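Visitor: Hello! Could you walk me through the words used to describe this structure?
Guide: Gladly, let us look together.

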Amino acid sequence: MQLTKDELIEAYRLMKTIREFEEQVHLEFSAGQIPGFVHLYAGEEACAVGVCTHLSREDSIASTHRGHGHCIAKGVDVHGMMAELFGRKTGLCGGKGGSMHVADLDLGMMGANGIVGGGPPLVCGAALAAKRQGKGNVAVAFVGDGGSNQGTTFESLNLAKIWNLPAIFVVENNGYAEATAASYSVGAESIAERGRGFGLPAVQVDGHDFLAVYEAAGEAIERARRGEGPSLLECRLNRFYGHFEGDAQTYRGEDEVKSLREDQDCLLRLSQEATASGEVDPAEFAAIDSEVEALIKDTVEAAKAAPQPDAEDLLTDVYVSY
Amino acid sequence: MARQITFQQAINEALDQEMARDERIVILGEDIVGGAGAPGEIDAWGGVMGVTKGLHGKYGDRLMDTPISESAFVGAAIGAAATGLRPVVELMFNDFMGVCFDQILNQAAKFRYMFGGKAETPVVIRTMIGAGVRAAAQHSQSLYSMFTHVPGLKCVVPSNPYDAKGLLIESIRDNDPVIFFEHKKLYRLEGDVPEESFTVPFGEAEIVREGGDVTIVTLAEMVHESTKAAEILQQEGLECEVIDLRTTSPLDEETILESVENTGRVVVVDEANPRCSMATDIAALVAGAGFSSLKAPVRMVTAPHTPVPFNDSLEDLYKPDANKIVAAVREVSEYQTWKTAASKS
């Protein structure tokens, strides 16, 4: 499963887009510009991109409350996303969803989800639809270590197994469910172990290592496309920010986050590996960085300038017809 | 003579005709085929009430038995609906919503609104309601008001075989999530049902009996108890108008209010518990929009604020019946305000 240079650069661009999007959201939220609950994906980019690089728009994903990264990795428009976070009429969901409900079903993005463990049953359904349609498409459920403790996840692992569904369960184990450590709340030795308990092939990978995620996800997704059923992939990774914006993170160790940014930055790791091998010139990455920074800056400016929803919008979109 | 079939056969026929029409329809649920993986007969049960019996032979793996994992399979039906299938999922008893409600409440019901009108979730959740078979507290409830409360869901509560077929076909063709409530005491009820496919629209209550003295608003099995009561009261010279809601979301407010305009007296009959119920909802509607027509306070005939008891005499006491409805109608018909007293003198 060798990446071409173009694919590698595209993966870097997506990861950088997520990072920059989240850094700007962090700043705008701190400045009081973004309302509500926001959960940032910074630090976890290698997982979303490592998985979604294998997917087409006909493949489905269901995300979590920490969903911006999955959206961007699945190709969702960043202008629409940023406007949605600002609650504007031009947002992807017309300002009615916000950060926790960004979705674009036309791209197979079934939504971020405000309910921990909400996605896996939906993904069983999307995988069932894909299986019946018979075009080799798959569905991926992203869940956290917190979501891995939900009964919905257990039920879905079993259902996907007995129906031999083309479903992949990607568990993003960032070590914390809100403020509670996975070392406390997850009884199994690993979450991959749980997957094996349900009869699924399951592996654990270093979620900071884009290439490792890419490879493991590729195997799982190919297996599903071949009709050989579901798999579980546990990515061990770290979030750079708190559970939500405004989280003082007093449960984390001193300097934990600082050292993460120094030692466990998936973006830095990917660019260093690619430049050290001589595959990519550092200037190419630098050029992407400035393009992405300009793009995200533009999304923020456009979102701020965008109109608010109209009062009539309160009552629309409840039903297709009523 | 028109063809007569049971409520159960009417549902089976609706599913059959729709599955033949549209390949995207799949049916999921516990034992809806029955016997999956077991050494005996396939299609052994056809659902716990036999409603889907025979469909597996015609449609094969478009019917799938599920493990007893309501969150996963109700959620899967919802996820499949959002991605191109049109699933009908059977939640054996509506009491089991407790183990899958998130998928209905926070996922299916919200998708369209949260996603700015870009999602369609054409799923039908068929589920059983109703007391009267000594099934006790966890298999006898009528929880349609809980679902009716939730924007984004449509709620269908048929009372007879004709409506069961027409409303189920309408539900399957509808592009929003629909909860279809089947009263377990009605499955054997026979009635005229055309063989050909037809639909009954949502949001149109049926006046099952006309009368100018008292309006009885009701639904599901209570339509029959209300009709019985109306027959008894007719002997006393009281003419009741019986309205079968048929769907609680959308709700046909117009038919209720028009009837109240004529009668000025209302009894709401609802098998469910009384607080935050269809009964209180309709009472509030009439008290607000129908206030100027009212000649008596709205009276509700409901179950008490208790779980459903197992013991037969207690369960009979729990359920509204024709006698209780007769008493309530007499009470509202005899009620005199200064307005009615003055108009009679």
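Guide: In chain B, helix α1(B) passes α7(B) in a right-handed crossing. Keep in mind that this is a predicted model.

Visitor: Why are α1(B) and α7(B) called roughly parallel to each other?
Guide: The axes of α1 (residues 7-21) and α7 of chain B cross at roughly 30°. Angles under 35 degrees count as roughly parallel, and therefore α1(B) and α7(B) are roughly parallel to each other. Their axes come within 8 Å.

Visitor: What makes B:Phe7 in α1(B) part of the meeting with α7(B)?
Guide: Two residues are in contact if their C-beta atoms, placed from the backbone, lie within 7 Å. Among the residues of α1(B) that meet α7(B) are B:Phe7, B:Ala10 and B:Ile11, and α7(B) brings residues including B:Pro161, B:Leu168 and B:Ile172. By class, this contact has nine nonpolar, no polar and three charged residues.

Visitor: Which domains is chain B divided into?
Guide: Chain B has domain 1 (4-192) and domain 2 (206-337). Their C-alpha centres lie 28 Å apart. The contact takes 26 residues from domain 1 of chain B and 23 residues from domain 2 of chain B.

Visitor: Which elements supply at least two residues each to the side of domain 1 of chain B that touches domain 2 of chain B?
Guide: They are α6 (144-148), β6 (154-156), α7 (161-173) and β7 (178-183) of chain B. By class, that side of domain 1 of chain B has 13 nonpolar, nine polar and four charged residues.

Technical notes:
Residues numbered from 1 in each chain as written. Chains lettered and ligands numbered in written order. Predicted model: local features only at pLDDT ≥ 70, side-chain atom pairs only at ≥ 80, totals over all residues. Domains from an automatic or database assignment. Helix = DSSP H or I, 4+ residues; strand = E, 2+ residues; numbered from the N terminus. Nonpolar A, V, L, I, M, F, W, Y, C, P; charged D, E, K, R; others polar. Axes fitted to C-alpha atoms, helices over the stretch in contact; angles between N-to-C directions. Parallel < 35°, antiparallel > 145°, perpendicular 65-115°, else oblique. Left-handed = near helix turned anticlockwise from the far one by under 90°.
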